[in-house]
Amino acid sequence: MGMPSFPEAAEEALGRTQQRHNLHHATHTIRAKRAGVVGELDDWQALRTAGADAKDEALAHLADYLEQLEENLTANGATVHWARDAEEANRIVTGLVRAKETDEVVKVKSMTTQEIELNEALRDASIDAWETDLAELIVQLGGDLPSHILVPAIHRNRSEIREIFLREMGAVGRAAPEDLTDDPARLAEAARLHLREKFLRAKVGISGANFAIADTGSLVVVESEGNGRMCLTLPETLISVVGIEKVLPSWDDLAPMLQLLPRSSTGERMNPYTSTWTGTHDGDGPQEVHVVLLDNGRTHVLGDSIGRQALRCIRCSACLNVCPVYERTGGHAYGSVYPGPIGAVLNPQLRGTASEVDKSLPYASTLCGACYEVCPVKINIPELLVKLRGEVADQERPSAESAAMAAAGWVLSDPRRLGAAQKAANSVGRLLGDRTIRTVPGMGAWTSARDVPTPPTESFRQWWARERGTQ
Ligand code: SF4
């Protein structure tokens, strides 16, 4: 809420030449890598079907799989919390961190916590939340917002990152070396040294999860840097905030996902780090594990038979990298942690279409269909965009049908108005006699294929009074 509409924000973004150059370079590089590794597999389409089927099965019986997940997580020593919305989730997490008597946490791999604005809630409770994913660190130190699902700092180039590190690191921890260059290895080293002291000090880690396996009660995080694994294993307490749509029925369903996700996201054959954790284990890893299962609009999306396919999304970002609109505007114009084609359908579904930005998002597309073609779980994004455009159009310009329904509601809510309407209809019926109404002014298209029933010459009440008197 309060964000400008997409066209307004996009116009501003289009004026940033450096950002457009950075985005073009990055999306085309990842796009080519993805096409190469996907082309290596003869069964890619079968894998896509298997991925979509696994997510559909989970969504069709979501309540059952979530209960199974809770049961197995609990049996393995984790504590499960349920959060209806962002406010409830933030309250739960803040309470858990306070209980550990610490004023800082390390965080990794969690778009869900960005969705609920957890960092802001923690800051209000005087708790510092340190992002440990390299790109997230760049975004946080730059006082910026993420602009890509997988590469949140995609809009920044190396020299901008060097400037941010030199300017900001010292204020919140170990400073960057004064002779820092924009060589990627030197930048990564500066980030590693800066983060290491935070990892070793933090008592609480906060993460998301890519998948939650119901039949074993396991959470799965895939990543490229190893920072996630540090975050998941070093702190004494781990809090994972997981959207309820992340559940998969069984361990077997993970197999297609672990092939689909890295190829679609980073153009790699497998993720460098895949971490799974199942509750707590004496003397190994966090000794206290909390899992917050978050709804925040997801069950509403689930209730829509067409819209629910958006919940299959595994946040790979392939649709962003091929989208001609995203490539030119970048992620900030979408006004959410979920940008690009998936953001254009997911945000209005999760948040509704009341705000300027949410009602403009379904139009942030050329409907070229490239997003559908690359989506590893076969989400028909163009179909969802068209459906949402219809909903926004109905909401903006009431249709003849909705105007007629509103008028009918007004008449039916008052017996005197109903009586007057019936009398008027009876008069029309007497005037028409046996003639059939073939067309009604203003409803030409509707009546061209139908005849309108002739109104009766008396109402049921009048008939009753005439036939039965006072009985
Ligand atoms: S919609 Fe499909 S392509 Fe886009 S991020 Fe989600 S899974 Fe990936």
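Met 257 touches Gly 51, Ala 54, Lys 55, Phe 211, Leu 248, Pro 262, Ile 314 and Val 377, residues up to four places away in sequence not being counted; contact here means heavy atoms within 4.5 Å. The model is predicted, so that local features need pLDDT of at least 70 and side-chain atom pairs pLDDT 80 or more, while totals for chains, interfaces and linings use all residues. Residues are numbered from 1 along each chain as its sequence is written, and side-chain values rest on heavy atoms, without hydrogens and water.

Met 257 also belongs to the largest nonpolar core, which has 80 residues; with Phe 6, Leu 69, Phe 211, Val 247 and Ile 342, Met 257 is among those that touch the most other members. Such a core is a set of buried Ala, Val, Leu, Ile, Met, Phe, Trp, Tyr and Cys residues joined through side-chain atoms within 4.5 Å. Buried denotes under 20% relative accessible area, exposed over 50%, and partly exposed the range in between (1.4 Å probe, protein chains only). Apart from this core lies another, of 21 residues, including Val 106, Leu 137, Leu 141 and Ala 191. In soluble globular proteins, nonpolar side chains tend to be buried together.

Arg 315 lies in the loop between α13 and α14 (318-322); helices are DSSP runs of H or I of at least four residues, and strands are E runs of at least two, numbered from the N terminus. Arg 315 counts as buried because its relative accessibility is 11%. Its phi is near 55°, a positive value in a residue other than glycine. Asn 296, in the loop between β10 (288-294) and α13 (298-302), likewise has a positive phi, near 50°.
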